[in-house]
Amino acid sequence: MKNLQKILKRGTALALAVMMTAGFMPTQSEKVSFAKDAPKLSSVSSNDNERTYSFKSKKEIKKQNKKAESLPSEYDLRDVNGKNYVTQVKFQNPFTSCWSFAAIGACEESWLYEKGITNEQYKEINNGKELNLSEKAVVWYLFHGITKEDVCDDVPASQVGEGADFSELEKENINAAYGTGGALFFVSNLFSSGFGPKSEDMRFKGEDNEYPYAYWGKNKWTEWDTYCNETIREKAEDYMRNMYMASGREPQTEEGFQAWFAELKKTYEEKGNGDGGPYCAVDDWTIPVDHEHRTDVNFAGLQESRVLPSPAKHDENEVFTDYDEAGINAIKSEVYKGRAVSIGYKSDQSRPGQTIGKYPFINTETWAHYTYRPDVPASHAVTIVGYDDNYSSENFLTGKDKDGYDRNPQKNGAFICKNSWGSVNDETEGKHNYKDWGINGSGYFYLSYYDKSIQLPESFDFYTDKDADAPKSNQYYVSQYDFLPCEKVQSVNIEEESSMANVFTAQHDQKLSYFSTQTGTPNTEVNYEIYKLNDNYANPKDGQLLESGTSVCDYGGYHRIALKDEHPLAKGEKFSVVVTQKVPDDSTASKYSYEILFNKADRVLEADDGKATLEGVVNKGESYGCYGGEWEDWTVLISLVDAEAKAREKDFVYDNPSIKAYSIPLSSNTIKITHDGKTKNITSKAASFKVKNKMVHSFTISRKGKGKISIIKKSSKKLNKYFDLKGTKVVVKKNAPKGKYKFTVTVAKNSGYKKTTSKVVTISVL
C-alpha cells in the first residue's frame with residue numbers, strides 16, 4: 001500500500017482556488033497523472049494541471065470531431081421541425097441561484113424531448129400548466145445536510161451530519177442558503193442521491209406552505225411588498241440596505257440609501273400591486289428537512305449526467321490556455337440529441353439591469369456575448385438550447401479594449417442560451433418572470449463557441465417509459481454513502497491496475513438491479529464486479545462473484561448502469577460493488593491509465609451573510625481502494641490526502657467513492673390452490689373447501705418461480721396424519737376421519753421473490 005499512499009499524497013498537490021460571484025461557483029477539477037515511479041511534483045509538466053472531463057487520447061478526440069461532421073449546421077430545441085421542447089424563461093430574483101436555474105432548465109428540456117412531449121402538449125395534458133421543476137428545492141437540500149429526520153431506506157443513519165451546515169447564519173437570516181454561490185456539478189450530486197428533481201406543483205396539504213418547492217416564500221410576498229407593505233417594512237429595509245451597500249452605488253451612506261429606497265417605493269406605489277414583480281427575499285423560503293420532503297416525491301429518476309469537455313481549457317489559476325474543438329462538438333452533439341446543456345461563463349452583470357463593468361463582453365444590440373479576456377473566471381450559469389455554426393462573428397463587439405485584447409472572435413459560430421433574468425414573454429400569473437432582457441426581450445442570447453470563460457458544460461438524462469433499461473418498479477432502495485455537495489473531483493490516474501469499492505448491507509429482502517459510478521474522463525471503460533461477501537470477508541472481493549461486466553461511458557459524470565441479471569439478497573447480507581476504471585491515454589506506454597476519483601469540497605462555503613461549513617462523513621468499513629493488488633480502507637486513504645492538503649494550507653472535506661447500488665423489493669409470491677377445477681388465491685385471503693371422505697382428494701399448490709413449497713399443519717395430531725404434501729399437491733387420504741384439516745403453505749425465497757407464507761387453508765371432510 002505504500003506505493004498507493006505515495007501517489008495519493010502527490011495527487012493532493014494541485015489544490016485550486018474557488019471563487020463565488022454572481023451566484024456561480026467556478027469549479028476546478030483536479031487531475032494528476034503519475035506512472036509507477038513518478039517524478040516529484042516539481043517536475044510534473046503543466047499539462048498535468050488541466051482539469052478532468054477532457055479527452056486524454058488524441059485518437060478519441062479525432063473520433064469525437066469526426067462524429068460532429070454529420071450534425072446539421074444549426075439546431076434549436078425551440079423549433080425542432082416546428083416543435084418546441086423548451087420551457088419559458090424564468091427569473092432567478094431575488095436570489096443568486098443562477099446555477100440551479102441553468103441545471104433545472106437543462107433537466108426540463110431534456111425530459112420533454114426524451115418523453116417526446118412538446119412544451120405545448122405538456123400544458124394541454126396538465127390543465128395549462130407547463131413543466132416547472134424546482135430550483136428552490138435544489139438550493140435548499142444541497143445546503144442542508146443529512147439529519148436524523150432524513151434517515152430512511154435510501155439514507156443510512158451512519159451518514160447523519162454529512163453536508164452543509166447553515167445553522168449559525170440562519171439565526172440571523174433563515175434564507176441564508178439561497179444567497180450562496182453554487183457549482184453546476186452540485187446538482188449531479190443531489191439528483192444521483194435520489195433527492196430530486198421536484199415539481200413546483202407538488203402539494204403537501206395541511207402544511208403552512210402547501211407548495212414548498214414553488215419559487216416563492218410562504219407568504220407569497222412580492223417585490224412590490226418589499227417597498228410598499230408596511231408589515232414587512234423593517235425587514236425589507238434591512239435587506240435592501242445590504243443590497244445597496246454591496247452594489248457599489250454612491251454615496252455609500254444611510255442618507256443615500258434612504259433616498260434610493262424612497263425613489264423605488266414611489267415607483268412601485270405609482271405602478272400599484274397589479275404587477276408585483278418577482279417574489280420577495282424577506283419572506284420565509286424554508287422547506288422541511290425530512291425524508292418525506294427530501295426523498296419521497298421525485299418527479300423523475302436520473303439515469304446519467306454527462307459532464308462534457310469544455311470548449312475553453314484553463315490552468316489551475318482559471319486562466320484560459322487553449323480551445324478544445326472536441327468540447328464544442330460535444331455540446332452540439334448533446335443538444336442535437338435533445339439534451340439541453342447547463343454551462344458556466346463570465347457574464348457582464350451579476351443581475352439584470354446592473355451597470356456593465358469596465359470590460360463589456362456582450363453586444364446589447366445583437367445580444368451576442370464573447371468573453372475575450374483570458375484571465376476572468378466564470379461568474380454566471382445558463383442553459384444552452386441550440387447552436388448555429390454560421391452565426392457571424394461580426395455580431396459580437398469589434399476592435400480592441402484598452403489593454404489591447406481583440407474583442408471579436410476569430411470564427412463564426414455561437415450557442416443559443418436561455419438565461420434566468422426574465423422575459424417579456426412571461427406567462428406566469430402576476431407576471432413574476434417579466435423582465436426586458438435579451439434578444440427582443442426574450443431572455444435569450446448568443447454565446448460564442450470561442451468564449452474564453454466557458455466551463456463545466458453538463459447535460460442530464462432521466463428515465464422515461466421509452467428507455468429499454470428503465471426500472472420496472474418505481475420503488476427501489478438506494479445503497480449509498482456520498483451525500484457531500486462536491487464541486488471538485490480529484491482524478492488520480494495510475495498505470496498499474498487500481499480499483500474502488502463500496503460495501504453495503506441489504507436493508508430488506510431485495511433484488512440488486514443497477515449500480516452507478518462517477519467518471520472523470522470521456523470514454524472511460526468501467527469494469528465492475530458484484531460480490532456477495534463472506535461473513536468474515538477480508539476485502540471487497542472476498543465472497544461469491546454474482547456478476548461482472550464492462551460499460552463504456554462517453555463522458556465524465558454520473559452513470560447508472562443496469563446489471564445483466566437481478567441478484568436476490570436477503571436482509572442483512574453484505575455485498576460489494578467493485579469498480580475498475582480504464583481511460584484511453586495515448587500519452588502512456590500502455591495506451592491507457594487507471595482512474596481513482598476522490599470527491600472533495602472546500603470546508604467553508606461563502607454565503608451573502610458570512611460562512612457556512614461543510615462536513616464529510618466517511619466511516620471505516622464502508623469503502624476501499626486498491627492499488628497493486630492491495631486493498632486499504634478508504635478512511636486511511638483520505639486521511640493521507642487530507643494531511644497533505646493541510647500541509648499545503650488547503651482545507652478540504654472528502655467523501656466516499658460515488659458508487660451506489662440500486663435494488664427493488666423482492667415480491668411476495670402469489671400462492672394458489674386448486675381442487676376440482678376451482679382455484680383460490682391464498683396469498684392474502686383464507687380459503688376453505690368441503691369434500692367427502694369416500695375417496696382420495698388432491699389439492700394442487702401453484703406459485704411463481706421455483707421456490708420450494710412446504711406446509712405447516714395446524715390441525716389436531718389425530719387429523720394431521722391423514723394428509724400430507726407430496727411435491728406440489730396436498731393429498732387427503734381416502735376414508736380420512738370427518739373434521740377440519742387446517743394448514744398454511746410457505747414458498748421459499750427464490751429469484752425475484754421473498755419467502756411467502758399463505759393464509760390458513762381449511763379442508764372440511766364431511
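Ala164 has Leu614 of strand 24 as its bridge partner in this predicted model. Strand 3 and strand 24 (residues 610-615) are paired antiparallel over three bridges. Salt bridges in the structure number 36.

**Salt bridge Asp284–Lys218**
- Asp284 and Lys218 form a salt bridge through their side chains, at 3.4 Å from N to O.
- Asp284 sits in the loop between helix 10 (254-271) and helix 11 (291-294), and Lys218 in the loop between helix 7 (185-192) and helix 8 (223-228), so the contact ties together parts 66 residues apart in sequence.
- Asp284 is buried at 18% relative accessible area, whereas Lys218 is partly exposed at 34%.

**Salt bridge Asp482–Lys660**
- The closest N and O atoms of Asp482 and Lys660 are 2.9 Å apart in their salt bridge.
- Asp482 belongs to the loop between strand 14 (477-479) and strand 15 (488-494), and Lys660 to strand 28 (residues 660-665); the two are 178 residues apart.
- Asp482 is buried, with 8% relative accessible area, and Lys660 is buried at 0%.

- Glu529 and Lys541 meet in a salt bridge of 3.3 Å, N to O.
- Glu529 is buried at 18% relative accessibility, while Lys541 is partly exposed at 33%.

How values were computed
Residues are numbered from 1 along each chain as its sequence is written. This is a predicted model: local features need pLDDT of at least 70, side-chain atom pairs count only at pLDDT 80 or more; totals for chains, interfaces and linings use all residues. Side-chain values use heavy atoms; hydrogens and water are left out. Two strands pair if DSSP finds at least two bridges between them. Helices (H or I, at least four residues) and strands (E, at least two) are DSSP runs, numbered from the N terminus. A salt bridge is a side-chain nitrogen of Lys or Arg within 4 Å of a carboxyl oxygen of Asp or Glu. Buried means under 20% relative accessible area, exposed over 50%, partly exposed in between (1.4 Å probe, protein chains only).
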